[in-house]
2 protein chains.
Amino acid sequence: MNGARAVLNTLVHGGIDVCFTNPGTSEMHLVAGMVSTPEIRGILCLFEGVATGAADGYGRMAGRPASTLLHLGPGLGNGLANLHNARRAGTPLINLVGDHATYHKPFDAPLDSDIESMAGTVSAWVRRTERSADAGQDAADAIRASRTPVGYLPGGVATLVLPSDVCWSDGGAAVPVPAAQAPLFEEVAVERIAKILRENEGCLLLVGGGNMRRAGLAAASRIAAATGADVLAEKSPARHERGAGLARFERLPYPRDLAVRRLAGARHLVLAGTREPVSFFAYPGKPSTLIPAGCEVHDLGAAPGALEYLADLVAPGTAPLVTDADRPGLPSGELTAEKAAAVIGALLPEGAVVVDEAMTSDQWLPGATAGAPVHDWLNITGGSIGMGMPVATGAAVACPDRPVLNLEADGSAMYTLQSLWTQSREGLEVTTVVFNNASYAILDSELRRVGAFEGEDVRRSRSFIDIPGLDFVAMANGMGVSATRARTAEEFTRQLRAAVAEPGPHLIDAVVPPVTGGS
Amino acid sequence: MNGARAVLNTLVHGGIDVCFTNPGTSEMHLVAGMVSTPEIRGILCLFEGVATGAADGYGRMAGRPASTLLHLGPGLGNGLANLHNARRAGTPLINLVGDHATYHKPFDAPLDSDIESMAGTVSAWVRRTERSADAGQDAADAIRASRTPVGYLPGGVATLVLPSDVCWSDGGAAVPVPAAQAPLFEEVAVERIAKILRENEGCLLLVGGGNMRRAGLAAASRIAAATGADVLAEKSPARHERGAGLARFERLPYPRDLAVRRLAGARHLVLAGTREPVSFFAYPGKPSTLIPAGCEVHDLGAAPGALEYLADLVAPGTAPLVTDADRPGLPSGELTAEKAAAVIGALLPEGAVVVDEAMTSDQWLPGATAGAPVHDWLNITGGSIGMGMPVATGAAVACPDRPVLNLEADGSAMYTLQSLWTQSREGLEVTTVVFNNASYAILDSELRRVGAFEGEDVRRSRSFIDIPGLDFVAMANGMGVSATRARTAEEFTRQLRAAVAEPGPHLIDAVVPPVTGGS
C-alpha cells in the first residue's frame, strides 16, 4: 500500500476515527485514502484554525486523539493558535502536515517553508517521514507521543510531516498500535502529602487537569472536610465536570491582585493535577508568582487515582459535600451578561457540553450554572482567542448525543467564525451564544491594570478597541446556520429554548452592554 | 521616553505611517503610544491574518514598509500565512510582536511560546529587544532590514519582539533612520548578457519583480524587438503594472506540463528580477525544474535599471511594442467566470489596483483586461490562500485615491473574511467580487494531476471538496459592507458599475459554475 494508506490504516488501528481537515494539492493522496476508509470520518473545515481547534475539542471530550490534515507550512501556521491552546490543555492530538515531495524540497517552491520550526512551537513531538516504508511506524509513534504525559498534562500535540511522494509511493504497511498505559503514582509520595495535610494549618489544595471530573472533585471535597484544607480549582481547566450532585470549588481568579489575595494565607500548597499558579500577564511593579512567600509547594502529580488515594488516607469515612440542584429564576427586561447567565443557568440541558470563551461576559456564568444538571465546561487554556467555536465543533463531533452550548465573546467569535459552516454541513448540535458588546472589553480592563493610559489616551484607546457593527445573525445565516437576535431577557429565553430543542446548529446574537471591571 | 514610544517615534523617522494591528494586554503601551502619535495611523483588524496581509498589500503599493502589531506567539501564528506570501513577494514589512515582560518569561505563563522560532520561518530578520535603551536602535535596524534585498527580492519581513516591560520602562530614545539605498548593478555583468542576447538563438528573457512595471516592461519589449528573444513574465508577480500603452507579455503558466512546454525551446534563459522557475507542486514521475536540459541560465539580478541598461545596449533605437486600448463587449445571459472577466475588462476604472485571488476562475481575466486603462495587478506570491481580502485592504490604505478591485475565490475568501469589517470601519474604496462556484475547484484539477484517484474515490473526493451554502451577501452585510448577488452578466455589469461609483466598500457575490481543467 502507499504511504498515505499506511498512515491512515495505522490511525485506525490506534482508534483515531476522525480527521478535521483543510487539504491542498500535496495532501490529495491522503484525501483519497480518507474518503475510502470508512473508519475515519473526514470533516472539512474552511480554515485550519477551525480544524485544529475542533481536534482540541474532540480530544478533550473523547479522551483520545483526533487527527488534523493540514496543507504545508502556511496551513499549519493558520492552525497554530488553537494548537497552542491544545498544548496548554494537554489534549492528545495528531497533526498530519502534507509537504512537497522529498525531491522537490531543494527547489524552494513558493509554498515551501520550515515546517519543523513552526511545528516545534506547539508540539511535544515532531517527525518528518522520509520513506513510505516508515509511514506506518511514524504514525504509530505519533499516536503514542500524543498520549504520553507532558509534565502535569495528560497528552500532547504530535506533528507528522508527510512529503507527497512518501504518500503516493508504495511500500508502506500499517502497524499495530499498543494500548495507552495510564501513568502510575507513587504511594509513598501521596502518603507524604497526607502527613502534611494532617499535621499543618494553612494547607491549600489546588486541583486541576483530570481531577476536575466527578471523582477528583469528590476526593478534594472529602480532603477539605476531613483536614480543613482550603480547596481551589485551577483558573482554566481544559474540561470541568460540574453541576448538581458534584463537589464545587471556587476557581483561582484571573485578575492577578485578586489571585494573590486569595492565596495569601497558604503555607502549604498541594498541586493536584495542575502546575504552580502564575500571573497570566505581567504588570508593572508586581511579581509574576502568585504563591505567597514562605509557602511550601507539594506536587501530588497528575496520575489518575492519586487524589482519590490521598482522600482515602486522610478522609476514609468522610463523604463529599456536593452542590444541590438549584437553578436561577428567569429574568426580564433589557438583556445583560448577568441576565443571560441566569437564563443559561435556568435552561442548561442535562449532559450539556459548555464551551466558554465569553471573556468579560462570563463572570456570572459559574454561579448561575452551578446547580444545573451535570454538564462539562471547557475553557480557554492557552489564552489564544478563537478557540470557542472550533472547540464546540469538535466536542459536538465527539459527543453526538449531548447538546453543546458555545458561549462566545464577539471579538473571539470573529477569529474562527468559519466554524459555523462545518457545524451546518455536519448538522452538529451546537448552540452558539455571542455576547455582542461591540468591544474588545477585556482590553478596557487591562489598559487600566497595565497603567498605559492617561487622560486623552484613555478615550482614544477605548474608541480604538471598540468593534461595532457586527451582525452575527447575518453572518451565521451566510453559513447556513439559523440565527436570531436577543435584546431582552425574554427574547433570549425564548430563543435559547428553541435553539436547544430544534435539531442542528443555531446562533443567538445576544446584544449586551460591556461589563466593566470584569475578569 | 518609554520603550514603546522610542519604537514608534523611530518608525515615524523611518517613514512608517501605518500600523495594522490586533493588540492584546501585552501591547497596551504600544497602543497608547500609537493613538497619541498622529503620524502613525493605527488600523484595527479583527484577525491577525488580516493585519499581516494588509501590511503586505500596503508595502507592495506604497513601496515602503507598513508595520503590524501582534499579540505574542499566537497572534503571530495567526499572521504567518500572509507573512509567508509577503516573504515570497519581497515586501518590506515590520512586525512588532508584543511579549511577556522579560522577568515574566521564566514562569511559562499560559500565553508564552517560542516566538523567535515561529518568526524565523517567515522573517529575513528577527530580534528581541532586551532593554528600553535599545528599543529605538532595534526599531531602526528592523526598518533597515525590511528594506534590504533578499536575493532577487527587494525587501523582507523584519520581526521585532517587544517584551511588555521594555515597552513600559523609561530610558528609550528615538533614533534617526538612514534613507534606503537602492542596490546597484554591475555594468560588465549586463554587458555579458547583452552579448549572449546578440549572439544566440533560443534566448528567453524571464522578467519579474520590479521589472513588472512600465519601465521594465518597455525595456523587455525593446530587447525582444531588437534581438528576437522570447519574453515571458514570471507566474505570480507581486505587483504588475499593465493595460493600454504598456508592453504586455504572457505569464509563465501555472500547470507544470504547460510551463515545461512553453520553455521547451530555450537555450539561454535570462532572469531579470526573478528566480529560476520551478514547478509549483511536485507530480509523480515528473521533474521539479521547468528549465530544459542544456539551457544556460544567466542572472541579470534585480537591481533597478539593469534591464533598462540592457535594452539601451541591445536595442538603442528600438521602441517598445505596447498594448492598444481595447475593451471586451458586455456579455449577457447566465453568469460564468468568462463573462465576469469580460465585464471586468469592460468596466475596469483607470488607475485601479486589482488584487487577484480568483484561483480557477481567473483564466480569462488577463486577456479581458489587457487593453483596459493602466492599472496594477497584485498576485498571490507564496501560494498561501487568504491573501486577497487583506492585501486589498492594505492596498486601499496605501492608495486612497485609487479604486481597488479584489477578485476572490469563494474558498480563499473564507480564510480572512474579517477584512470586510476593517474595510467598512475605514471606509475603504474596495470592491470585492467573489467568484462563488461552491467548490475548492482548484483541487478538482489537482486531484487529476497527482493521480490520487480512481473510480469511486473520484466521486467521493469531489463531493468532499465541495463547499456549498456560502452566502457572501449575508456575510458582508454582517460586517457592514453593502453587497449584492449576480446570477447573470447583466446583473453583474449593473452591480459592478454601481459598486465602483459609490463610495466605500462593496461586495458582489458572483454565482458562477466551477471551471474545469483550469489553472
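Chain A holds an open sheet of seven strands, in the order β9-β13-β12-β14-β15-β17-β16, with mixed pairing. Strands here are DSSP runs of E with at least two residues, helices are runs of H or I with at least four, and both are numbered from the N terminus. Two strands count as paired if DSSP finds at least two bridges between them. At the edges stand β9 (240-242) and β16 (482-486) of chain A, each with a single partner strand, so one side of each has no neighbour in the sheet. On average, neighbouring strands of this sheet are turned by 20 degrees against each other, direction ignored. For that angle, axes are lines fitted to C-alpha atoms (for helices, over the stretch in contact), and angles run from 0 to 180 degrees between N-to-C directions.

Before going on, some ground rules: this is a predicted model, where local features need pLDDT of at least 70 and side-chain atom pairs count only at pLDDT 80 or more, while totals for chains, interfaces and linings use all residues. Residues are numbered from 1 along each chain as its sequence is written, chains are lettered from A and ligands numbered from 1 in the order in which they are written, and side-chain values use heavy atoms, with hydrogens and water left out.

Now for chain B. Seven strands form an open sheet there too, ordered β9-β13-β12-β14-β15-β17-β16, and the pairing is mixed. The edge strands are β9 (240-242) and β16 (482-486) of chain B, which pair on one side only. Here is the β12 and β13 pair in each chain:

| Strands | Sense | Bridges | A facing pair |
|---|---|---|---|
| β12 (353-357) and β13 (375-378) of chain A | parallel | three | V353(A) and D376(A) |
| β12 (353-357) and β13 (375-379) of chain B | parallel | four | V355(B) and L378(B) |

How do the chains meet? In total, 92 residues of chain A are in contact (heavy atoms within 4.5 Å) with 93 residues of chain B. The area buried between them is about 7500 Å², and carbon and sulfur atoms give 66% of it. Buried area is the accessible area (1.4 Å probe) that two parts lose on being put together, summed over both. In chain A, P110(A), Y415(A) and F464(A) lose the most area to chain B, together 10% of what that side buries.

Between chain A and chain B there are 42 residue pairs in polar contact, both residues at pLDDT 80 or more. A polar contact is a pair of N or O atoms within 3.5 Å; within protein, one must be able to donate a hydrogen and the other to accept it, and residues adjacent in sequence count only if both atoms are side-chain atoms. On the side of chain A that touches chain B, α4(A) gives the most, with nine residues.

Which charged pairs turn up? A salt bridge needs a side-chain nitrogen of Lys or Arg within 4 Å of a carboxyl oxygen of Asp or Glu. Over all chains there are 48 salt bridges, and the count between chain A and chain B is two. R88(A) and D108(B) meet in a salt bridge, at 2.7 Å from N to O. Within chain A, R41(A) forms one with E426(A), the closest N and O atoms being 2.9 Å apart. That pair links distant parts of the chain: R41(A) sits in strand β2 and E426(A) in helix α16, 385 residues apart.
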